[in-house]
Amino acid sequence: MSCPALPEGFDATDPDLLQSRVPFPEFAQLRQTAPVWWCPQRRGVTGFDDEGYWAVTRHADVKYVSTHPELFSSTTNTAIIRFNEHIQRDAIDAQRLIMLNMDPPEHTRVRQIVQRGFTPRAIRGLEEALRDRARKIVEEAAATAADGSFDFVTQVACELPLQAIAELIGVPQKDRAKIFDWSNKMIAYDDPEYAITEEVGSNAAMELIGYAMNLSAQRKECPAKDIVTQLVAAEGQGNLGSDEFGFFVLLLAVAGNETTRNAISHGMHAFLTHPEQWELYKATRPSTAAEEIVRWATPVVSFQRTATQDTELGGQKIKAGDRVGMFYSSANHDPEVFTNPGVFDITRDPNPHLGFGGGGPHFCLGKSLAVMEIDLIFNALADALPNLHLTDAPPRRLRAAWLNGIKELRVTHSAPTDHPSPTDHPSPADHPSPAGA
């Protein structure tokens with residue numbers, strides 16, 4: 001294969017790059033010329049004592065890495081592909097207690113316990129309550145917008161995922177703001193606007209874990225009919241220790257809150273920059289819409305694995321100990337899998353995207369809940385705020401190394417004279433145009 005013509009120093013985990021865009025043109029070059037490409041990095045710049053990682057950009061290769069945990073470990077260096085360069089190694093190793101960063105058989109044991117809370121019956125049991133909450137969230141956003149405009153992220157997108165987590169594990173709704181604040185601090189240390197350091201992020205994580213451990217202890221003393229009791233106090237079925245439950249709630253706060261919030265935010269932006277799709281959605285409410293929103297948004301740009309032995313992938317020899325980055329954003333735009341991947345099409349079917357992971361042991365446990373939340377919030381929006389439009393303020397993206405995040409998306413439900421066109425507001429993910437797909 002020929003060498004990709006990439007900008008000098010290109011690194012798809014660079015927070016400055018991801019604050020401006022997701023690098024779809026560069027991903028396209030990599031898929032065509034070097035689908036498994038060595039990305040050099042200054043030693044220690046990402047918190048790891050090495051000089052780079054292998055960037056995996058094709059759909060098939062991402063799936064292969066995901067489904068072979070015996071070759072590609074989540075535990076060795078965790079699944080997070082880039083930390084702050086000042087982080088200490090023991091702080092990285094401490095994250096192995098989170099299920100995301102476990103390998104079988106320990107991962108298998110923990111997942112078998114926590115999946116009790118994500119059975120189809122458990123998810124269906126939340127639907128009516130979440131439908132009502134989605135409607136109230138949308139109505140309140142419209143009512144409190146004094147000038148007819150509001151920030152979609154804070155007033156709509158973040159609310160339902162937070163309330164769903166609270167509903168799922170029995171956290172009082174009055175405490176949801178605490179979870180929002182803690183989760184923001186845990187993932188926003190790369191964004192200078194928040195002035196949050198690694199230490200502040202670590203302290204927020206400890207506060208969240210402590211809160212969850214206290215909740216666990218309460219349920220052990222006084223069981224209730226909720227998921228916490230099922231996970232920590234179920235006799236004879238195996239259960240989570242209080243610390244394990246604490247780390248599970250931490251994972252939910254990021255994996256179940258930040259990601260769904262960003263999918264909803266990107267989905268709204270996609271609809272409003274593709275008004276024909278918003279009109280189609282309002283008229284037909286296709287069941288395929290949520291999956292396309294997740295493919296288009298791909299809230300987690302990348303996770304990593306570490307090779308456990310010498311192996312080969314995409315024609316490249318990978319040594320034991322090498323880090324391997326799985327770029328889901330690239331895989332979800334692979335033309336070998338998706339027809340016109342640069343087109344936002346809410347009727348796309350089939351849609352084998354990797355927005356919930358590439359399969360294997362770490363496939364997203366909460367996929368059904370996330371899809372439900374997305375469906376419910378956009379149905380509520382279509383009912384109560386059918387004439388939403390973007391304001392002149394462009395979306396503001398999060399500075400992060402592995403999240404495709406939006407901090408602010410100003411919308412209005414007043415009726416402008418013209419619909420904004422896609423060229424008025426470039427996608428916050430900088431998707432290629434259909435013509436370039």
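Predicted model: local features only at pLDDT ≥ 70, side-chain atom pairs only at ≥ 80, totals over all residues.

Me: How do you know whether Thr298 is buried or exposed?

Reply: Thr298 has a relative accessible area of 2%. The cut-off for buried is under 20%, therefore Thr298 counts as buried. You will find Thr298 in the loop between helix H14 (289-297) and strand S5 (302-307).

Me: And why is Ser74 called buried?

Reply: Ser74 has 1% relative accessibility, and because the limit is under 20%, Ser74 is buried. Ser74 belongs to the loop between strand S3 (72-73) and helix H4 (89-93). Beyond its neighbours within four places in sequence, Ser74 touches several residues, among them Leu100, Arg305 and His362.

Me: What makes Leu97 and Phe248 lining residues of the largest cavity?

Reply: A lining residue has an atom within 4 Å of a cavity point. Leu97 and Phe248 are both in the lining, which also includes Met99, Val110 and Glu244. The largest cavity has a volume of about 60 Å³. H12 gives the largest share of its lining, three residues.

Me: What classes of residue make up that lining?

Reply: The lining of the largest cavity has nine nonpolar residues, no polar ones and one charged residue. Glu244 is in the lining, and Glu counts as charged, so Glu244 is the charged one.

Me: How are helices H8 and H12 placed against each other?

Reply: Two packed helices are described by an angle and a distance between their axes. For H8 (residues 159-169) and H12 (residues 242-273), the angle is about 145° and the axes are 9 Å apart. Their crossing is right-handed. The contact includes Leu162 and Ile165 of H8 and Leu252 and Arg261 of H12. By class, the contact residues divide into nine nonpolar, three polar and one charged.

Me: Last one: where is there a cis peptide bond?

Reply: One joins Pro104 and Pro105, with omega about 5°. Another joins Asp349 and Pro350, where omega is also about 5°.

Technical notes: Residues numbered from 1 in each chain as written. Heavy atoms only, no water. Axes fitted to C-alpha atoms, helices over the stretch in contact; angles between N-to-C directions. Helix = DSSP H or I, 4+ residues; strand = E, 2+ residues; numbered from the N terminus. Left-handed = near helix turned anticlockwise from the far one by under 90°. Contact = heavy atoms within 4.5 Å. 1 Å grid on protein atoms, 1.4 Å probe; cavity = no way out; pocket = protein on both sides within 12 Å on 5 of 7 lines; lining within 4 Å. Points joined across faces, edges and corners; volume = space filled by probe spheres on them. Buried < 20%, exposed > 50% of the residue type's maximum accessible area, 1.4 Å probe, protein only.
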